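Please keep the structure open beside them while reading.

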Amino acid sequence: MRLRKGEIFIKAENFPDDVLTCFSTRLGGIGSGEYEGMNPDPRRPWPFEIVKKNAETLGMAAGFKPENMYMINQVHGDSVKSVSREEAGTGIIRPIEVCADALVTDAPGVALTIFTADCTPILICDPVKKVVAAVHAGWKSTALDIAGKTVEKMKRDYGCLPKDMHAAIGPCISRCCFETHKDVPDAMIKLLGDAALSAIDRKTPEVMSDGSAEEKFFVDLKLINKELLKRSGVRDENIEISPHCTACETDVFWSHRKMGTARGSLAAVIMLK
């Protein structure tokens, strides 16, 4: 699941043809100067007309219309929202009112959209029941098992079976760049126990001028979320992971850690055709 030359977004490779998937990059945007780059996120402090044109450009390339997108206020929690056909257009046509971090629908033509700029985007589909989901999994939501709770929502509300599901984990900050304090690995170990250890590296402590040493870690959120999906019943062979790191590849992706607030957002979009 790599970016192909000349394209402005990445598709999931293991999804059926009747499911649209899109992980956007910062390429192909309409705008210049401080507003240069692909940013379809109306929550960012960009002129709305530029945001709307970016959404139109991305949608034209990927195959959806901005008026069919559905967006939320992401709060780094574990709330999963079911979306109806009538709610399409939220974020572009009508204001965003719902706070959540994952979306599910069985309505064709609704382009579920979440935004990231280092956090982990996950797209899920059940090709049997015709249900799709989009998940915003920052480290806090990952520690709350937002991926597993989305799978459970699909099971409970739509009758989906995890063994039928396909999942794609998109570009995000990778193990190489996600340097953290002890609270992040502690949260992952609390959630997964020893199964989290393979996703955690201890950094060689840096000795401070007073002789103290600060403990730091590198954490692989892609691997953690894959394990959570597998524990929820999604088959290993049905989970694909993008190798791209947003923090390493800032020429292609937005990265909050590298750019701070002077950035746009990456959109992860999924839609039943």
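1. Strand 1 and strand 2 (residues 19-24) pair in the antiparallel sense, and 2 bridges hold the count for this pairing. Within it, Ile10 has Phe23 of strand 2 as its bridge partner. Please bear in mind, here and below, that this is a predicted model.

2. Another open sheet is made of 3 strands in the order 10-14-11, and here the pairing is antiparallel. Its edge strands are strand 10 (179-180) and strand 11 (200-202), each of which pairs on one side only. Strand 10 runs antiparallel to strand 14 (residues 217-219) and is joined to strand 14 by 2 bridges, with Phe217 in strand 14 as the bridge partner of Thr180.

3. For the chain as a whole, the secondary structure comprises 6 helices and 16 strands. The radius of gyration is 18 Å, close to the 19 Å that the globule rule gives for 273 residues, so the chain is as compact as a globular protein of that length. Taken along the principal axes, the C-alpha atoms fill a box of roughly 60 × 50 × 35 Å.

4. How much of the chain is buried? Of its 273 residues, 55% count as buried, while the accessible surface of the chain comes to about 11,700 Å², with 50% of that area belonging to carbon and sulfur atoms. Among the contacts in the chain with a separation of 6 or more, 68% are made by residues 24 or more positions apart.

5. On charge, the chain carries 36 positive and 38 negative side chains, and the centres of these two sets lie 2 Å apart.

6. His76, in the loop between strand 3 (69-70) and strand 4 (80-82), has a phi near 60 degrees, which is a positive value in a residue other than glycine. The relative accessible area of His76 is 37%, so this residue is partly exposed.

7. Asp118 also has a positive phi in a residue other than glycine, in this case near 140 degrees, and is found in the loop between strand 6 (111-116) and strand 7 (120-126). Is Asp118 buried or exposed? With a relative accessibility of 9%, Asp118 counts as buried, because the cut-off for that class is under 20% relative accessible area.

8. Asp251 is exposed, with a relative accessible area of 58%. Which residues does Asp251 touch, once those up to four places away in sequence are not counted? They are Arg26 and Leu27. Arg26 is 225 residues from Asp251 along the chain, yet the C-alpha atoms of Asp251 and Arg26 are separated by 7.9 Å.

How values were computed:
Residues numbered from 1 in each chain as written. Predicted model: local features only at pLDDT ≥ 70, side-chain atom pairs only at ≥ 80, totals over all residues. Heavy atoms only, no water. Helix = DSSP H or I, 4+ residues; strand = E, 2+ residues; numbered from the N terminus. Rg over C-alpha atoms; globule rule 2.2 N^0.38 Å. Buried < 20%, exposed > 50% of the residue type's maximum accessible area, 1.4 Å probe, protein only. Contact = heavy atoms within 4.5 Å. Areas by Shrake-Rupley, 256 points an atom, 1.4 Å probe, with all protein chains shown as cover. Lys, Arg positive; Asp, Glu negative; His and termini not counted. Charge placed at Lys NZ, Arg CZ, Asp CG, Glu CD. Pairing = 2+ DSSP bridges.
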